[in-house]
Amino acid sequence: MKLKIFLVCLICLALCGCQAAGSVENLLTPPKLTEEQTEIYRELIGSVGQNVKLKYPKSGDYRSAFVIENIDDEPGTEAMVFYESKNVQSGESALRLKILDKNDGKWEAVYDLACAGNEVDSISFAKLGSVEVTDIIICYTLFNQTEKAFSVLNYDGTTPRQLYYSSYSILQVYDLDMDGQSELLAVTTDKINQVSTAMLFTDGENGFEKISETELYGGAVDYIRVTSGALSENITALFLDYSKGGGQSGTDVLYCYGNSLYCPDSVGQNPAAATISRLVNDYMAEIYCYDIDGDGFVEIPSTTPLPGYETRTLPEQLCAVMWYTVADDKFSAKHYSYFSGKYRFALLFPNRWRGVVSAVPDFPNNEIVFISYNEETGLEISEETELMRIRSVDKDDPEAMEAAKSLKVLGESEDTLFCLIESASYKTWNMALTESELSNSFIVL
């Protein structure tokens, strides 16, 4: 509502002529500078001239054009100002970084750096490896606005030095090898050949260096989400959810043995397999890795057709999700579940359900119907095949909430109540889930 009011005001002002245009411009001016920022800005203008435009990082913890941080090994803080200047020579970047130091209580411009990008995406600081040096990590978007690059700098008190520069798809500071010290992980992607490479960097006695590199096998077009978590009791990992395009998605897993990066590349326990079989999710774009069973370890999803849907076209398929963990550097199946992207819940199947239970959506009633399946009855819903239904009830729907009062509640989210409807015959079958199985297998996403 506030956004609508704001837009209406802009339209009204635009219709009122030139005087209104000035008012609109005033609405969009940057935040008022603090006293310290004003002093820094005056020094900036004094060193580079009036024809400048402040530039603000788009993401991260530092969103001001003025970043104040201790970036050298001396007491006190330095100031970094991102700005755009039209007073640059041909071929130089218009995006600049001015570094200022405080001497005798007064800010003084120390160094001016041409930035390696068109816009500042973020700036962050990290102590990588064993050396107590603050590394400055600046991320940029490039001129086409779709490519990203990062630069690692350090500052000795007078001059910034670029340690590394590269394009990237993912950038994370994380203690991946669990040695008590942070490393920098960068993933670069060749979108044409759909090949990604992960690199691990540290800053130690040998300076800033790449300590490991490995190819990722998923064929990612775009990375969507990064999750850190335990892969096992002794291994922590980064789980990289990605899109392959065309409705397909997947997850790459990265972890370390010693200082070496590993990315498991195949399903199963057979290291001599002739071909690489990837975990791929078809037409379920919003499925990511989860600790699906709540055991403290993250599982990796891969879709597979439910019984009865194997021969249907992909858009018509209803899929189960096989959840994998990693053992001996290979993916190993752990759970099989129904997963509802629409209603945001999952139901883990017991072993006795696998291959003989399927699901049919009843969208008009917001229900998923679980049925006993065989080739003769197929996906028919009848008194003989129906086992149970899970109904998703909108909490803002008074009529639906009233009807749900007579039903068994399985769980709830902020806006949805999930209810169970069991068929009369199902309760007497050996297919029925026990109370314990229900409570442990139904997961609200």
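I began with the aromatic residues and found one cluster formed by Tyr-336, Tyr-338, Phe-345, Phe-349, Trp-353, Phe-370, Phe-418 and Phe-442. The model is predicted, so I note that local features need pLDDT of at least 70 and side-chain atom pairs count only at pLDDT 80 or more, while totals for chains, interfaces and linings use all residues. Residues are numbered from 1 along each chain as its sequence is written, and side-chain values use heavy atoms, with hydrogens and water left out.

I searched the whole structure for aromatic pairs and got 24. Rings of Phe, Tyr and Trp (its six-membered ring) pair if their centres lie within 6.5 Å; planes under 30 degrees apart count as stacked, over 60 as edge-to-face and the rest as tilted. I looked up Trp-323 and Phe-339: the pair is tilted because the ring planes stand at 50 degrees, with the centres 6.2 Å apart. Trp-323 sits in strand β20 (residues 319–327) and Phe-339 in strand β21 (residues 330–340), so far as DSSP runs of E, at least two residues, define strands. The two are 16 residues apart. I checked burial, and both Trp-323 and Phe-339 are buried, meaning under 20% relative accessible area with a 1.4 Å probe, protein chains only.

I then looked for a charge over a ring (NZ of Lys or CZ of Arg within 6 Å of the ring centre and within 35 degrees of the ring normal). Arg-225 lies over the face of Tyr-290, 5.8 Å from the ring centre.

For the whole protein, I noted that 45% of the 445 residues count as buried.

Terms used:
Buried means under 20% relative accessible area, exposed over 50%, partly exposed in between (1.4 Å probe, protein chains only). Helices (H or I, at least four residues) and strands (E, at least two) are DSSP runs, numbered from the N terminus.
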